[in-house]
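Welcome, and thanks for taking a look at this one. Please have the viewer open, then follow the notes below topic by topic.

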Amino acid sequence: LKGNGPSSSRASTAKLATSILLKLMEVGTSGSDSVHSVIEVLLEKGITSRKPKVVIAVATVILNASLDFGVGALPLALIKSSAPTMLKHVNAVVRETSMKLIAEICRTLG
């Protein structure tokens with residue numbers, strides 16, 4: 001997560017960066033491992049960022065991945081371990097997006 005692509009102040013740049021991350025997950029040669037790898041990096045580097053825009057972008061990408069690829073393709077153990085951090089974040093948008101992600105997981109898994 002170098003540079004400010006996902007958290008850019010330009011809407012078109014942020015949208016393009018999000019699209020690229022989702023495309024990396026989609027076309028990875030190792031199937032669900034590519035989704036796991038991208039989300040692992042996002043959770044490892046993005047959730048702990050001091051910039052709220054980065055954390056918002058990361059949470060949004062993970063939510064979009066759950067909607068696009070299904071919850072079964074996500075690394076649920078990593079998301080479970082990062083959920084308390086996201087749910088306690090100072091930014092309300094991060095908390096709301098995290099709640100949507102948790103709701104999607106619960107809706108899918110029952």
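A residue counts as buried when its relative accessible area is under 20%. By that cut-off, 39% of the 110 residues of this protein are buried. Please keep in mind that the model is predicted. Its secondary structure amounts to five helices and zero strands, giving the pattern α-α-α-α-α along the sequence.

**Confidence and overall layout**

- The mean pLDDT of the protein is 85, and 87% of its residues reach 70 or more.
- Among the elements, helix α5 has the highest mean pLDDT, at 94, while helix α1 (residues 11-27) has the lowest, at 82.
- Of the contacts with a separation of 6 or more, 59% are accounted for by residues 24 or more positions apart.

**Helix α3 against helix α5**

- Two packed helices are described by the angle between their axes and the distance between the axes.
- For α3 (residues 52-69) and α5 (residues 92-109), the packing angle is about 15° and the axes are 9 Å apart.
- Angles under 35 degrees count as roughly parallel, so α3 is roughly parallel to α5.
- The crossing of α3 past α5 is left-handed.
- On the α3 side, the contact is made by Pro52, Val55, Ile56, Ala59, Thr60, Ile62, Leu63, Ser66 and Leu67; on the α5 side, Val93, Val94, Thr97, Lys100, Leu101 and Glu104 take part.
- Sorted by class, this contact has ten nonpolar, three polar and two charged residues.

**Helix α4 against helix α5**

- Helix α4 (residues 76-87) packs with α5 at an angle of about 145°, and their axes are 10 Å apart.
- Here too the crossing is described: α4 passes α5 in a left-handed one.
- From α4, the residues in this contact are Leu76, Ile79, Ala83, Met86 and Leu87; they meet Val94, Arg95, Ser98, Met99, Leu101, Ile102, Ile105 and Leu109 of α5.
- The class count for α4 with α5 is eleven nonpolar, one polar and one charged.

**Helix α1 against helix α3**

- The angle between α1 and α3 is about 45°, with 10 Å between their axes.
- That angle makes α1 oblique to α3.
- In passing α3, helix α1 forms a right-handed crossing.
- Thr18, Leu21, Leu22, Met25 and Glu26 of α1 make the contact with Val61, Asn64, Ala65, Asp68 and Phe69 of α3.
- By class, the contact of α1 with α3 holds six nonpolar, two polar and two charged residues.

**Valine 94, a residue of α5**

- Valine 94 lies in helix α5 and is buried, because its relative accessible area is 0%.
- Not counting residues up to four places away in sequence, valine 94 touches Pro52, Val55, Ile56, Met86 and His89.

- Is threonine 18 buried or exposed? Threonine 18, in helix α1, is buried, since its relative accessible area is 17%.
- Leaving aside its neighbours within four places in sequence, threonine 18 is in contact with Val61 and Asn64.
- Methionine 25 also belongs to helix α1, and with a relative accessible area of 2% it is buried.
- Which residues does methionine 25 touch, not counting those up to four places away in sequence? They are Ser34, Val35, Val38, Ile39, Leu42, Val61, Ala65 and Phe69.
- Phenylalanine 69 is part of helix α3 and counts as partly exposed, because its relative accessibility is 28%.
- Apart from neighbours within four places in sequence, phenylalanine 69 is in contact with Leu22, Met25 and Glu26.
- The C-alpha atoms of phenylalanine 69 and valine 35 are separated by 8.9 Å, and the two are 34 residues apart along the chain.

Note on methods:
Residues numbered from 1 in each chain as written. Predicted model: local features only at pLDDT ≥ 70, side-chain atom pairs only at ≥ 80, totals over all residues. Heavy atoms only, no water. Axes fitted to C-alpha atoms, helices over the stretch in contact; angles between N-to-C directions. Helix = DSSP H or I, 4+ residues; strand = E, 2+ residues; numbered from the N terminus. Parallel < 35°, antiparallel > 145°, perpendicular 65-115°, else oblique. Left-handed = near helix turned anticlockwise from the far one by under 90°. Contact = heavy atoms within 4.5 Å. Nonpolar A, V, L, I, M, F, W, Y, C, P; charged D, E, K, R; others polar. pLDDT = per-residue confidence, 0-100. Buried < 20%, exposed > 50% of the residue type's maximum accessible area, 1.4 Å probe, protein only.
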